[in-house]
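Student: Could you walk me through this model, starting with the metal site and then going on to whatever else is worth a look?

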Amino acid sequence: MTVKPENREILILGIESSCDETAAAVVANGRVIRSNVIASQADLHSRYGGVVPEIASRQHVGAVLPVIDQALSEAGVSLAEIDAIAVTAGPGLAGALLVGLSAAKGLAEVTGKPLIAVHHIAGHIAANYLANVELDPPFLCLVVSGGHSHLVMVKEDGSFQTLGRTRDDAAGEAFDKIARALGLGYPGGPLLEKASAGGHSDAFSFPQTRFQDSLDFSFSGLKTAALNQLNQLRQQAGSDGVNFAENFNLADFTASFQQAIADTLVEHTRAAARETGVRRVAIAGGVAANKALRNAMGAMAAEEGLELTIPPLILCTDNAAMIAAAGHRDFLAGRFADRSLNARSSLDLEETFA
Ligand code: KG4
Ligand code: ZN
């Protein structure tokens, strides 16, 4: 496989379908977004209170080719001008992953372009290369999504070392579960954030878990405490639901819950930065869209004198520009997948798809 000379622009087509967003994007040189098309199914799944895998797969099938066409046309490039096709091969919903993967393999086959398998979390981390063109490893990245809460060291050579991970729920899951208990709907994180507007983040107190000698997270204690407080308040209000609704301050409750998660995430990140001596910090994943977390992380970075990169909201939640950006690094290293590539519903960040 020949790699283009350095002075030529490298264009990567990224494809993402691991959950409920069908996305395609074109990224130049791993840093500049030429197009970033996202077809979200969130409205469709919201009536079920969560992602229904079978529905997700079927939606991806209908959306994937139009979304790819749109990404190419918005970028003003033809498939022939693309240098490689990068696709999320895992982790995620197997049936959903397979749709993007099959499309990518088909396109690679007919065009003869190289195929690149991208780990979904490596994609989230790479959103930071798009947000900050100056950013290069080594840096520490807090990855917080619906399925992951990881503290990852991105080493000098771009490889990953997980310093801490959740032992139970992911941060996004905790948001989604409490949002559901509050009847806010799906997806819970953004709706809970909206409900917290104007609330006092110190009105309720929730426990924050820190393990000794470990940077691992745990959100189950926080989640259970929130559910218990909610049940107690409901019981105190008696059978009268109206009474509960009148006396319960939703903004205060959600602001406090959100702050407890943000503070936990930030304090773990501070500890990891101190332990490793790293000077650059980044955040990634859907929960990184949360303003309380973004603000708390900004304050911590200023206190510690760290250089912080935070992707814009559109690059925090699932998208394909981040997949193309991650794929660019594999392209330069000549790490290509062969046509036997299969989807992996679960896969550690340090593992490879081979
Ligand atoms: O990265 P992502 O889009 O998909 C996964 O790879 O999981 O993350 C989705 C998660 C969901 O749990 C969602 O509730 C959460 O990110 N999320 C948020 C916000 N926006 C999305 N959580 C808190 N505040 C937000 N603004
Ligand atoms: Zn994601």
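Predicted model: local features only at pLDDT ≥ 70, side-chain atom pairs only at ≥ 80, totals over all residues.

Student: Which residues are the protein donors of the zinc ion?

Tutor: The zinc ion (ligand 2) has His 120 (NE2), His 124 (NE2) and Asp 318 (OD) as its protein donors, at 2.0 to 2.1 Å. Donors here are N, O and S atoms within 2.8 Å of the metal (3.2 Å for Na, K and Ca), and as water is not among the atoms, sites may look incomplete.

Student: How are those donor residues spaced in sequence?

Tutor: The spacing is H-x3-H-x193-D. Both His 120 and His 124 belong to helix H4 (residues 120-131), where they are four residues apart, about one turn of the helix. Helices (H or I, at least four residues) and strands (E, at least two) are DSSP runs, numbered from the N terminus.

Student: Is His 120 buried or exposed?

Tutor: His 120 counts as buried because its relative accessibility is 7%, and His 124 is buried too, at 0%. The cut-offs are under 20% relative accessible area for buried, over 50% for exposed and partly exposed in between (1.4 Å probe, protein chains only).

Student: Switching to packing, at what angle do H5 and H9 pack?

Tutor: Helix H5 (residues 171-181) and helix H9 (residues 250-276) pack at about 170 degrees, and their axes are 11 Å apart. H5 is therefore roughly antiparallel to H9. Ala 171, Ala 174, Phe 175 and Ile 178 of H5 make the contact with Phe 253, Phe 257, Gln 258, Ile 261 and Leu 265 of H9, and by class it has eight nonpolar, one polar and no charged residues.

Student: I'd like the conventions behind those words.

Tutor: Axes are lines fitted to C-alpha atoms, for helices over the stretch in contact, and angles run from 0 to 180 degrees between N-to-C directions. Angles under 35 degrees count as roughly parallel, over 145 as roughly antiparallel, 65 to 115 as roughly perpendicular and the rest as oblique. Contact means heavy atoms within 4.5 Å. Ala, Val, Leu, Ile, Met, Phe, Trp, Tyr, Cys and Pro count as nonpolar, Asp, Glu, Lys and Arg as charged, and the others, Gly among them, as polar.

Student: And how do H5 and H7 cross?

Tutor: Their axes come within 10 Å and cross at roughly 10 degrees, which means that H5 is roughly parallel to H7. Lys 177, Ile 178 and Ala 181 in H5 meet Lys 223, Ala 226, Leu 227, Leu 230 and Arg 234 in H7, and this contact has five nonpolar, no polar and three charged residues.

Student: What does the side chain of Thr 254 reach?

Tutor: Thr 254, which is found in helix H9 and is buried at 1% relative accessible area, has a side chain that reaches the backbone oxygen of Ala 251 at 3.2 Å. Leaving aside neighbours within four places in sequence, Thr 254 is in contact with Leu 182, Leu 184, Leu 192, Ala 195 and Ser 196.

Student: Where does Ser 214 lie?

Tutor: Ser 214 is in the loop between helix H6 (188-195) and helix H7 (220-236), and at 16% relative accessibility this serine counts as buried. Its side chain makes a polar contact with the side chain of Arg 167 at 3.3 Å. A polar contact is a pair of N or O atoms within 3.5 Å; within protein, one must be able to donate a hydrogen and the other to accept it, and residues adjacent in sequence count only if both atoms are side-chain atoms.

Student: Last topic, the backbone: which residues does a cis peptide bond join?

Tutor: One cis peptide bond joins Gly 90 and Pro 91, with omega about -10 degrees, and another joins Tyr 186 and Pro 187, with omega about -5 degrees. Pro 91 is in the loop between strand S4 (84-90) and helix H3 (94-111), whereas Pro 187 is in the loop between H5 and H6.

Student: What about the phi of Asp 213?

Tutor: Asp 213 has a positive phi of about 55 degrees although it is not a glycine, and this residue is exposed, with a relative accessible area of 82%.

Terms used: Residues numbered from 1 in each chain as written. Chains lettered and ligands numbered in written order. Heavy atoms only, no water.
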